[in-house]
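This report goes through a set of computed features, chain by chain, for a reader who wants to follow each of them in the coordinates.

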Amino acid sequence: MEQYEPERLTPPQAAALRRSLRNGRAALTRRSLLRAGAGGALAVGGLGTLSACGIPPAGLARGSVSSQDHSATEKVVNFSNWTEYIDVDDSGKHHPTLDTFRRRTGIKVNYTEDINDNNEFFGKIKPQLAAGQDTGRDIIVLTDWLAGRLIRLGWVQKLDPSLLPHAYANLSPQFRNPDWDPGRAYSYPWQGISTVIAFNRKALDGVEVKTVSDLLDNPALKGRVGMLSEMRDTIGMIMLDMGKDPARFGDDDFDAVLARLQKAVDKGQIRRFTGNDYTSDLAKGDLAACLAWAGDVVQLKSDSPDVDYVVPPSGYMTSTDNMLVPNRARHRANAERLMDFYYEPQQAAELAAYINYVTPVDGVKPYLARIDKDAADNPLIVPDKAMQAKSHAFRSLSSKEETAYEEKFSKLTGA
Amino acid sequence: MPTLTEAPPPLAPAAPEPAPARRRGRFTPYWLLLPGLLWLVVFFALPLVYQASTSVQTGSLEEGYKVTWHFATYWDAFSQYWPQFLRSVLYAAAATVLCLVLGYPLAYLIAFRAGRWRNLIMVLVIAPFFTSFLIRTLAWKTILADDGPIVHALNSLHILALTDFLGWTAGDRVLATPTAVVCGLTYNFLPFMILPLYTSLERIDGRLHEAAGDLYARPATTFRKVTFPLSMPGVVSGTLLTFIPAAGDYVNSELLGSTDTRMIGNVIQSQFLTVMDYPTAAALSFILMAAILGMVTVYIRRSGTEDLV
């Protein structure tokens, strides 16, 4: 193949370039360069360089990347979180719980809201973590399936339980043993996210919505139903509706659910698969009913009286966003102290009162009631026993399953 | 790869090279080219090579990817996603035609009739660029909302019944249909059509119009025989500047569309980020690039404006 790989421009190309550069401005046309380049382009691109590329395996053996902990000397912790996922004071500049943490421990928290999307963030940190380098972050917060992938790839550090007494004692039982991190060796939940059915009473106009089947089948809602583009939430909710268990299912179950959803798509029942952007559609009434995340619904309900939610009798999905310490993080001990701090019911209550997601901390209720009585009584924020019993988690997927399922699901959503 | 050698050298004619006038300036053009070339190599050529390599690899995230020259990826990708390709081309073409129809009269007005308002109108054309692309697209969700004034008007005029019949809209709504996506594309890329049209119209000598009138051409004939042919460079570059980004766009389809309006950009995005099938995503990107390059080449040949662009 060597003969097709000139190291420099081919003679005709060089001649064309030289000529076109010299003969005044008219000579340097795109055409002449293109024409000269066409023959040589492939060769210059270098088929040889092509085969030299390749992407090495991303996984690392667990614990193969040791990191030195600088927590004792550097009193900081770098915390990357999702946007609008923490308490903010009235000025909008300070986070009261982080200030309390600093006052108590002397550790400064560099809080960055640089996570917008699990997939995008994964793309962002992948190069460093795959190469075993420091990402500059001591805590990252990722949804459980991605947290599971990072653990599988060996990209995060094992936590030291002795530094996490509150977390160990107060973690809500429903989050204790996810199949991707049994016993929480690598991660602790920041908040839980429940998926329920939300609806706009005015847009429904008397139509009753109680189950996922209503969403998928009721002809009165044609073209005004929203599903979530997050595969696990949408598929999980339909699985529950069909009497299957999202924690234990096989390829056939998945395909059956997909077929059911496909039927609804083909009928034109479903308007869109959305991320967080369903909130404006629902408030406006463009969507009459949709699958929705509880934290959003609490917020929407207080903004527009027509919006409400219902928990289907078959149950609902709960996933968690989890705090992880990536490999090579410089301040693991500080990070663990911060994690533990948020498992003190008092601090968890401060946080829950502000952000309206499911709190993973047991014993928050009395503290939360002192700040916000309504929030404390809201089962979407502090799930009661009955609510907890209906909560389900999606099982973790192998990387092969993940690719196959995501591919099928994304094809169903049109791409 | 034997075809490469058999093809004659693309630029064979060995024109006698004029002797350099001054030796000193001989390398100046190369030095001037250097910054641009470096930029292109680092930010265009290298990523392209990397992408080409990715498209013929196989493997998975955990095992890593190896170059196996698996060209079947291209065929698999195309046979799976040709509807999205076709749709992208159709939507982009529709948006381009709409842009031309809307933009030409406006550019004409600015160039010949606007007088002292010219600068103001130009600013108005460019003004939307001061807000972000996303915000501009999201604004269309309010404009076309189900119980908004536009949809109400269209409904009471029974226009939506007609477009529903044609498959352009669905039921009594516009959002989440092909029409909404094409509207968004048209709106977002309209300035790219108007600006080149304006530049080429503005260059036309007004005396040509007078001359045409003196030769008893009616205004319509003048436009057909004088103005329009002279504005062809603007038309060609305007359509290219609209069509090419519109064909690869995924934001409009994502925000204004539905499951049956997804364009190839959406597929590439989800293959790269969600499915993490990098080879397929890379192959799709290359097919899109090749398809656009092919169509543009044919278009430029046909419109006979190779030297004007």
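## Overall make-up of chain B

Chain B of this predicted model contains 14 helices and two strands. Taken along the principal axes, the C-alpha atoms of chain B fill a box of roughly 60 × 60 × 35 Å, and of the 309 residues in the chain, 41% are buried.

## A helix pair in chain B

Two packed helices are described by the angle between their axes and the distance between the axes. For helix α3 (residues 72-113) and helix α4 (residues 118-126) of chain B, the axes come within 9 Å and cross at roughly 150°. Because angles over 145 degrees count as roughly antiparallel, α3(B) is described as roughly antiparallel to α4(B).

The crossing of α3(B) and α4(B) is left-handed. On the side of α3(B) the contact is made by Leu106(B), Leu109(B), Ile110(B) and Ala111(B), and on the side of α4(B) by Arg118(B), Ile121(B), Met122(B) and Val125(B).

## Positive phi in chain B

Most residues other than glycine have a negative phi. Tyr216(B), which is not a glycine, has a positive phi of about 65°, and this residue is found in the loop between α9 (206-214) and α10 (219-230) of chain B. With a relative accessible area of 77%, Tyr216(B) is exposed.

Met276(B), another residue other than glycine, likewise has a positive phi, with a value near 60°. Its place is in the loop between α13 (264-275) and α14 (278-303) of chain B, but Met276(B) is buried, its relative accessible area being 10%.

## Nonpolar cores

The largest nonpolar core holds 122 residues, and within it Leu150(A), Trp190(A) and Leu338(A) touch the most other members. Strand β4 (residues 187-200) of chain A gives this core its largest share, seven residues. At least three residues of the core come from each of domain 2 (76-191 + 322-362) and domain 3 (193-318 + 399-412) of chain A.

Leaving out residues up to four places away in sequence, Leu150(A) touches Phe122(A), Ile125(A), Leu129(A), Ile140(A), Leu142(A), Trp155(A), Val156(A) and Leu324(A).

## Two buried loop residues in chain A

His95(A) is placed in the loop between β1 (76-82) and α5 (96-105) of chain A. A relative accessible area of 16% is under the 20% limit, and His95(A) therefore counts as buried. Apart from neighbours within four places in sequence, His95(A) is in contact with Ile86(A), Asp87(A), Val88(A) and Tyr111(A).

Asn356(A) lies in the loop between α16 (345-355) and α17 (365-371) of chain A and counts as buried at 11% relative accessibility. Its contacts, not counting residues up to four places away in sequence, are with Gly295(A), Val298(A), Gln299(A) and Ile381(A). Ile86(A), which is in contact with His95(A), is 270 residues from Asn356(A) along the chain, while the C-alpha atoms of Asn356(A) and Ile86(A) are separated by 10.0 Å.

Methods. Residues are numbered from 1 along each chain as its sequence is written. Chains are lettered from A and ligands numbered from 1 in the order in which they are written. This is a predicted model: local features need pLDDT of at least 70, side-chain atom pairs count only at pLDDT 80 or more; totals for chains, interfaces and linings use all residues. Side-chain values use heavy atoms; hydrogens and water are left out. Helices (H or I, at least four residues) and strands (E, at least two) are DSSP runs, numbered from the N terminus. Buried means under 20% relative accessible area, exposed over 50%, partly exposed in between (1.4 Å probe, protein chains only). Contact means heavy atoms within 4.5 Å. A nonpolar core is a set of buried Ala, Val, Leu, Ile, Met, Phe, Trp, Tyr and Cys residues joined through side-chain atoms within 4.5 Å. Domain bounds come from an automatic or database domain assignment. Axes are lines fitted to C-alpha atoms, for helices over the stretch in contact, and angles run from 0 to 180 degrees between N-to-C directions. Angles under 35 degrees count as roughly parallel, over 145 as roughly antiparallel, 65 to 115 as roughly perpendicular and the rest as oblique. A crossing is left-handed if the near helix is turned anticlockwise from the far one by less than a right angle, and right-handed if clockwise.
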